[in-house]
Amino acid sequence: MFVITQSCCSDAACVSVCPVNCIHPTPEERGFGSSDILHIDPVACIDCGACADACPVDAIYPADKLGTRDKVFIDINADFYKKNTDITSGWNQVEYPEIPKLPAGLRVALVGTGPSGGYALRTILDRTEADVTVIDKLPTPGGLVRAGVAPDHPGTKGVLRGFDLLYRDPRVTMATNVEVGTEPGQVTPAELAQHFDAVFYAVGASESRRLGIPGEDLPGSTSATDLVAWYNAVPGKEAPPLPVDGTGRAVVVGTGNVALDVARILVSPPELLATTDIADRALRILEEQNIHEVVVLGRRDQASAAYTSAEYRALSTIPGVEIVVHDDPSAEAPDLRGPADRSKRRIVFLFHTSPDEIVGEQRVEGVTVQTGGTRHTVAADLMVRSIGYRSTPIAGLPFDHERGVFPNTDGRMLDDDGNVIPGAYVLGWAKRGPSGGIGTNKVCAESTVEDFIRDAVGGRLERTTRESKAFAALLRKRARHVIGYRGMRAIDASERRRGLPQGRPRVKYTDVAEMVGAAGWRKR
């Protein structure tokens, strides 16, 4: 029997290769996208191992080969089928996609290298003969896989290996360290539309929603987006002020998987984090401050929490960390007015709790909350909001400020009057809002590329009249240090070399200038 573990990214490559259809939920079934992991039916599995071979993140193992930490997933896989008795397994029927006749010489631009962009690129290369120019504002590709996946979940980042193979395709041109916008040095959306037959925007949702309570702008109050970017080494992200002599406690508002990621990283013993690719800048500060307690606030009850059961149950595997749950609004909440007990580490869940105010003179000193009908203050040095995300507008493109997405119909971008912009497409969270993980974004990207194919066949694209070399000339004139595939690989190799002496997978660069130097650009 094979078992899917926490590293699962719901890519669903395993679903298509399973001969007995025993991996669920599939992209066509209810529940796909609402769970971070898929599940293997322990009764129907025939132990062929095809799923393990297909898994891009090495999340599937024989049950008898699981380590102590992952044995919990034997029950998680089995429990799914006990609760979903209407889902059945059986031999698969092969379905062949329609292969339409496309116009020759299609040229496509793809902005963004996160999961949505990667899966869109794969589908374009598989289903068309188009040439693709891939653009990213950072020198390194990966989007939220590099910048958002927790450092202690290295398996999930394995999906990038498959994308790297796509970047080597002779029909693909990489152009990283290139930003799209209307500022000096940027490439405008209008210029992309002029040089390409179609442009796909897979730019994610990197702006955090605000709580709107007093004290939210105090030093020490931050968003999960910024904190995750800081400890994942995204250039330009500053550290939150964490005093060495503080309370040793942080408060996280929100109960999604990102909130649990933040809680887990903050409370994990620094010696464990030192074996990951967490940013050096974050590791140093977390070692000095050494948070021992994280309080997670949930507005409703535990049953309504947004995290997945697999992510929650995995918290119990953190060595030396106690999990405390307060889910009775009529019971007295734990007394958190004083500093954390530094003789132990724990994560405290306070459900039926909402923040009223962040208190402090020069920095965060506590969070006043309502638990049930009781108002009390939690002493803390750090307050992290993790309550949702929005896309960031791009100058020159329409934007729905109320929803925080780019206006579209089935991925076809709309102008301010609600009309389809020929050849402009949007993918992933930028298309539908911040819901679903890697697997959901894969389905979303594939669907939008299929719509592009139908538009190309139907003659609904405005074909470019520019020569293929014209965009490269524009980049040389506009962007100072454009990095191609060789430069990306040079940065990757350099980061890995930096990690070797410390026994770490890599030590990431946190400065764009250093990345540019590692890519082979030298000061002139």
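This is a predicted model: local features need pLDDT of at least 70, side-chain atom pairs count only at pLDDT 80 or more; totals for chains, interfaces and linings use all residues.
Now look at Thr353. Along the sequence, Val369 and Thr353 are 16 residues apart, while in space their C-alpha atoms are 6.5 Å apart. Thr353 is also on the contact list of Val369 once we leave aside neighbours within four places in sequence. That list has other names too, including Leu297, Pro355, Asp356, Arg375 and His376.

Strand S15, residues 353-359, is joined to S16 by 6 bridges, and the two run antiparallel. Together S15 and S16 form a hairpin, with 6 residues between them. In the turn you can find Gly360, with a positive phi of about 155°. If you want a pair to click on, Val359 stands opposite Gly366 in S16.

Next, a sheet. Here 7 strands form an open sheet with mixed pairing, and the order is S7-S6-S5-S8-S22-S21-S20. Which strands stand at the edges? They are S7 (172-176) and S20 (408-409); each has a single partner strand, so one side of each is left without a neighbour in the sheet. Further in, S5 (residues 107-111) and S6 (residues 131-136) pair in the parallel sense over 5 bridges. Within that pairing, Val108 has Val132 in S6 as its bridge partner. And a handy general point while we are on strands: in a regular strand, side chains alternate between the two faces of the sheet.

Is H14 mostly covered or mostly open? Mostly covered, with 14 of its 20 residues buried. Just after the helix comes Gly459, which takes a positive phi of about 70°.

Now for the nonpolar cores. The largest has 66 residues, and the ones that touch the most other members are Ile23, Leu38, Ile40, Leu121, Phe200 and Phe452. H14 supplies the largest share of this core, 6 residues. There is also a second, separate core of 39 residues, and among its members are Leu283, Ala305, Val321 and Trp429.

On to the aromatic rings. A pair of rings is described by the distance of the centres and the angle of the planes. How many aromatic pairs does a search of the whole structure find? The search finds 12. Take Tyr119 and Phe163: their ring centres are 5.1 Å apart and their planes are at 85°, so this pair is edge-to-face. The pair links distant parts of the chain, with Tyr119 in helix H4 (residues 115-127) and Phe163 in helix H6 (residues 159-167), 44 residues apart. Tyr119 and Phe163 are both buried.

For another arrangement, turn to Phe349 and Phe351, a stacked pair with 5.9 Å centre to centre and 5° between the planes. Both of these residues are buried. Phe349 and Phe351 also belong to one aromatic cluster with Tyr307 and Tyr312. A ring can have a charge over it as well: the charged end of Arg498 sits over the ring of Tyr509, 4.1 Å from its centre.

Tyr307 turns up again in the contacts of Asn257. Leaving aside neighbours within four places in sequence, Asn257 is in contact with Asp36, Tyr307, Thr308 and Glu311. Asn257 lies in helix H9, residues 257-267. Its relative accessible area is 16%, and since buried means under 20%, Asn257 counts as buried.

Last stop, Val482, in the loop between helix H15 (470-478) and helix H16 (485-499). With a relative accessible area of 21%, Val482 is partly exposed. Val482 and Met174 are 308 residues apart in sequence, and 9.0 Å apart in space, C-alpha to C-alpha. Beyond residues up to four places away in sequence, Val482 touches Ala175, Thr176, Val178, Leu475 and Trp521.

Key:
Residues are numbered from 1 along each chain as its sequence is written. Side-chain values use heavy atoms; hydrogens and water are left out. Buried means under 20% relative accessible area, exposed over 50%, partly exposed in between (1.4 Å probe, protein chains only). Helices (H or I, at least four residues) and strands (E, at least two) are DSSP runs, numbered from the N terminus. A nonpolar core is a set of buried Ala, Val, Leu, Ile, Met, Phe, Trp, Tyr and Cys residues joined through side-chain atoms within 4.5 Å. Two strands pair if DSSP finds at least two bridges between them. Contact means heavy atoms within 4.5 Å. Rings of Phe, Tyr and Trp (its six-membered ring) pair if their centres lie within 6.5 Å; planes under 30 degrees apart count as stacked, over 60 as edge-to-face and the rest as tilted. A charge sits over a ring if NZ of Lys or CZ of Arg is within 6 Å of the ring centre and within 35 degrees of the ring normal.
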